[in-house]
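The exercises that follow are to be worked with the sequence and the coordinates open side by side. Each gives a task and then a solution in steps.

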Amino acid sequence: MYEFYFEKLEVWKNARSFVKDIYLTTESFPNSEKFGLTSQIRRATVSITTNIAEGFSRKTKTEKARFINIAYSSAWEVINLLILSSDLEFIKEDKYLDLRKKAEHITNQLNALYKTLKADQTS
């Protein structure tokens with residue numbers, strides 16, 4: 001089977017794994033949050049991988065960078081939602097710290113990728 005370029009990116013692989021972590025974690029969220037926080041954090045996490053994939057289907061580095069920036073913003077959204085989930089005691093502190101660390105790593109990777117794409121535009 002053909003492997004697309006985005007599938008080879010370490011950041012996409014990490015974000016893909018992170019989606020699974022978030023889905024498993026939110027399984028234990030209250031049923032009353034099914035269409036609230038649970039749905040929002042899942043959609044934001046999926047948005048990270050989706051925007052990386054979509055960005056690398058684009059022809060220009062400017063377009064690629066724009067989608068990486070959207071993925072970066074989604075990762076920040078996830079961090080905010082993790083904070084709220086922790087505040088509401090939907091996740092335990094150790095799980096929150098683990099997920100937060102993974103999210104921060106992904107944001108760092110996305111930021112580096114964005115900077116590389118932007119720098120390539122000026123060369």
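This is a predicted model: local features need pLDDT of at least 70, side-chain atom pairs count only at pLDDT 80 or more; totals for chains, interfaces and linings use all residues.

**Exercise 1.** Determine how helix 3 and helix 4 are oriented relative to each other, and describe the contact that they make.

*Solution.* For helix 3 (residues 37-55) and helix 4 (residues 61-87), the axes come within 8 Å and cross at roughly 160 degrees. As to handedness, helix 3 passes helix 4 in a left-handed crossing. On the side of helix 3 the contact is made by residues including L37, I41, A44, I48 and I52, while helix 4 contributes, among others, F67, I68, A71, A75 and V78. Sorted by class, this contact of helix 3 with helix 4 has 13 nonpolar, seven polar and three charged residues.

**Exercise 2.** Locate L110, decide whether L110 is buried or exposed, and list which residues L110 touches beyond four places in sequence.

*Solution.* Begin with the secondary structure, where L110 is found in helix 5 (residues 93-122). Next consider the accessibility: the relative accessible area of L110 is 0%, and since buried means under 20%, L110 is buried. Finally, leaving out residues up to four places away in sequence, L110 touches V11, I48, I52, I68, A71, Y72 and A75. Among these, I48 and I52 of helix 3 and I68, A71 and A75 of helix 4 also take part in the contact of Exercise 1. As a check on distance, the C-alpha atoms of L110 and L84, which are 26 residues apart along the chain, are separated by 23 Å.

**Exercise 3.** Count the aromatic pairs, and classify the geometry of F6 with W12 and of F29 with F90.

*Solution.* The count comes to six aromatic pairs. For F6 and W12 the centres are 5.1 Å apart with 80 degrees between the planes, and the pair is edge-to-face; both F6 and W12 are buried. For F29 and F90 the ring centres are 5.3 Å apart and the planes stand at 50 degrees, so this pair is tilted. F29 lies in the loop between helix 2 (10-26) and helix 3, and F90 in the loop between helix 4 and helix 5, so the pair ties together parts that are 61 residues apart in sequence. Both F29 and F90 are buried. To finish, Y2, F4, F6 and W12 form one aromatic cluster.

Methods. Residues are numbered from 1 along each chain as its sequence is written. Side-chain values use heavy atoms; hydrogens and water are left out. Helices (H or I, at least four residues) and strands (E, at least two) are DSSP runs, numbered from the N terminus. Buried means under 20% relative accessible area, exposed over 50%, partly exposed in between (1.4 Å probe, protein chains only). Contact means heavy atoms within 4.5 Å. Axes are lines fitted to C-alpha atoms, for helices over the stretch in contact, and angles run from 0 to 180 degrees between N-to-C directions. Angles under 35 degrees count as roughly parallel, over 145 as roughly antiparallel, 65 to 115 as roughly perpendicular and the rest as oblique. A crossing is left-handed if the near helix is turned anticlockwise from the far one by less than a right angle, and right-handed if clockwise. Ala, Val, Leu, Ile, Met, Phe, Trp, Tyr, Cys and Pro count as nonpolar, Asp, Glu, Lys and Arg as charged, and the others, Gly among them, as polar. Rings of Phe, Tyr and Trp (its six-membered ring) pair if their centres lie within 6.5 Å; planes under 30 degrees apart count as stacked, over 60 as edge-to-face and the rest as tilted.
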